[in-house]
Amino acid sequence: MIRLIFGCTLFFLLTASLQKANAKNNSLKLWYDKPARDWMTEALPVGNGRLGGMIFGDIATEHIQFDEISLWSGDEKETGAYQAFGDLFIDFKDTSAIDQYHRELNIENAVHTVTFRSNGVSYKREIFCSAKDQVMVLRISADRHGACNGAIRLSDMHHGKIEFADHKISINGKLDNGLSYAAGLTVLNDGGEVQISGQSLKFDKTNSLILILAAGTNYLPDFSKGWRGENPLPGIEKHLKLASNQSFEQLLSRHIADYQSLFKRVILSVGTSEPSLLAKPTDLRLVSYKKGGNDPELEQLFFQYGRYLLISSSRQGSLPANLQGLWNNSNNPPWRSDYHSNINVQMNYWPAEVANLSECHIPFLEYINNQREVRKIATSEFYHSKKGWTLQTENNIFGAGSFVWNPPASAWYCQHLWEHYAFTGDKKYLADFAYPILKEVCEFWEERLIPDSKGNLMTPDGWSPEHGPHEPGVTYDQEIVWDLFNNFIEASQILNMDPEYRTKVVALREKLLKPQIGKWGQLMEWSVDRDDSTDTHRHISHLFALHPGRQISLTRTPELAAAAKKILIARGDKSTGWAMAWRINFWARLFEGDHAYRLLRNLISIVDNTGTSYGKGGGVYANLFDAHPPFQIDGNFGATAGIAEMLIQSQAGEICLLPALPWAWPEGSVTGLRARGGFVVDISWKGGKVVKYRIASDKGGTAMVRVNGELRKVNVAH
Ligand code: FUC
């Protein structure tokens, strides 16, 4: 009996300490004890901002579905769609008697690993996508000599030419729009041999293998050059050659150093999870969370996953993250996997500045710039406008748009141009890059605004996104134009430019029809008081002024903030992915941390992939991809921004620490969040109160900081 109790205790202690050890290692990992069967809900993403892959980790056949962010059909007139590129398959021999299977994505170093034992041999596959070397790298190894046997195949979603050479496979093709694309795979073996065998490269008795994949197109983000640049092949060959000359360890350490230079800037801790939870595979952990358990490290993981996804899908020199980041396995993806201008592409970039990934914002800012000349032509054809430009709702990479016109879209894009300045304080960027665009979009609205019967200025012919009638004076339009004018006015003051035009814009801003409060105390979505208090529509576009805008705030416009709250309550806490993510941000701006947290929990709730209607079924899948059934990445990014917004806000001329901290996170710390004015902020808290904080800046200056309700003036040294 005593032995039994002792045995049980020992077992319990061992299990507990093993769980603890696992837990420590699992904090920034998504991991599973079985291969992925489904692309959207289970496979795991890697990417370098241009090239991306979804990894299945199957035992007998590894499958990496890969993409290149510029592979688009369509042109300047037809929107087309983002296209899937190809698939890499590795068929393994000798896979039987499997045990100890483990598949993980470590987001601290951006490496995906699969390990298992087969017939007593331990196999390992390590995969990463390097921005530094512009290649995807895969190493296959085993703990027994000559144990890696199998065959490698590539396939192309557009049936281009697949060719084999010594240790090489290449793909070469052209889309109907003339866009050339190519991919190359180089296989390096240690021991054994690699030979061409039919439509594959066979590897026999190798100790280990390194596969290096590069891909590209001849897309050039330049309207004046017809959007076409150089043949992608020489670039691909160069990347393959440079990468092949390095060891796996060199490639890996260059990748990790590059990735961590961005990722490690922010460290968040909102609590400690039970080791038993961290010892569970991510899918099962999500099930426990959905039942209501506490798992603060899952919330941390979800926050950091948004940062991981942005670093992986939006790097300088490339295109911005689209509706699926850059991961796409279809030539006819949902909503074309496009750049949607009525909330989605903007939401992708909400975390960029505050979560200290300012460089990852740049692809979007450059995209705005690259599209403007072609959009000027389209806009003047449609609106007969003389100046400025705007967009439709669905947009591609060649300036074409489809679905309805979304008149305030360019003004909303301008908010991103402004915010990049607001957070970085980079005046040269503001003057040379952002300001001319802000000005031309102001000119577009200057021409377009019309007076109402009381002399207020209204935006004509608007549409509150995907809701209600098309008519003048829609609140969404009014607020975004106000935001544009407001940002322009500040920019022109800072740069000391265009004083006369500024006076004109100030007058226009003052005359704009402002947000109004309707008959049930609600913020009105239209200039006509017709809001339905039972409506739970996913879009809440008329709250733009609360977030991401700054026209409404709890402190400066409390009545409007209360009216916004009425809407939030009416629209409810359950919606589709991105809509819940936006609601987190709204509640954070109302300083209601517990409500924001409730939305965060609803968003992290695991769903199966049976939801078909996009009005329902928000949540996340087993791979933590945001569900807007099917999958849409904006909810991931919006939630990361929302968590940051709960911890720090700086839109109202002061840096507010912990403005919307929920009871669920009584103790924690964050380092490296950014505030407007070029500041970097660290905060530690206990019992829901700030106990320590640090404000840093490479420019120095004075910051007004709200700490536990008290406003302090802080001099920040360089
Ligand atoms: C907006 C939303 C849809 C979807 C689409 C991509 O138009 O209304 O729900 O998210 O974007």
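My entries on these topics follow.

I'm working from a predicted model, where local features need pLDDT of at least 70, side-chain atom pairs count only at pLDDT 80 or more, and totals for chains, interfaces and linings use all residues. Residues are numbered from 1 along each chain as its sequence is written, and side-chain values use heavy atoms, with hydrogens and water left out.

**Helix α12.** I looked up residues 475-495, which form helix α12 (helices are DSSP runs of H or I, at least four residues, numbered from the N terminus). Its 21 residues should span 30 Å, and the end C-alpha atoms are 30 Å apart, which agrees (expected span is 1.5 Å times one less than the number of residues). I noted 18 of the 21 residues as buried, so α12 is largely enclosed by the rest of the structure (buried means under 20% relative accessible area, 1.4 Å probe, protein chains only). Just after α12, asparagine 496 has a positive phi of about 55°.

**Cysteines.** I searched the whole structure and got 0 disulfides (pairs of cysteine sulfur atoms within 2.5 Å). For cysteine 360, the nearest cysteine sulfur belongs to cysteine 129, 14 Å away. Cysteine 360 is buried, at 0% relative accessibility. The sulfur of cysteine 414 is 7.3 Å from that of cysteine 442, its closest, which is too far for a bond.

**Ligand.** I found 12 residues around the ligand, with Glu466, Arg538, His539, Trp578 and His628 the closest (a heavy atom within 4 Å). A side-chain N or O atom of asparagine 344 sits 3.0 Å from a ligand oxygen atom (polar contacts are N or O pairs within 3.5 Å).

Key. Helix = DSSP H or I, 4+ residues; strand = E, 2+ residues; numbered from the N terminus. Buried < 20%, exposed > 50% of the residue type's maximum accessible area, 1.4 Å probe, protein only. Polar contact = N/O pair within 3.5 Å; in protein donor to acceptor, adjacent residues only side chain to side chain.
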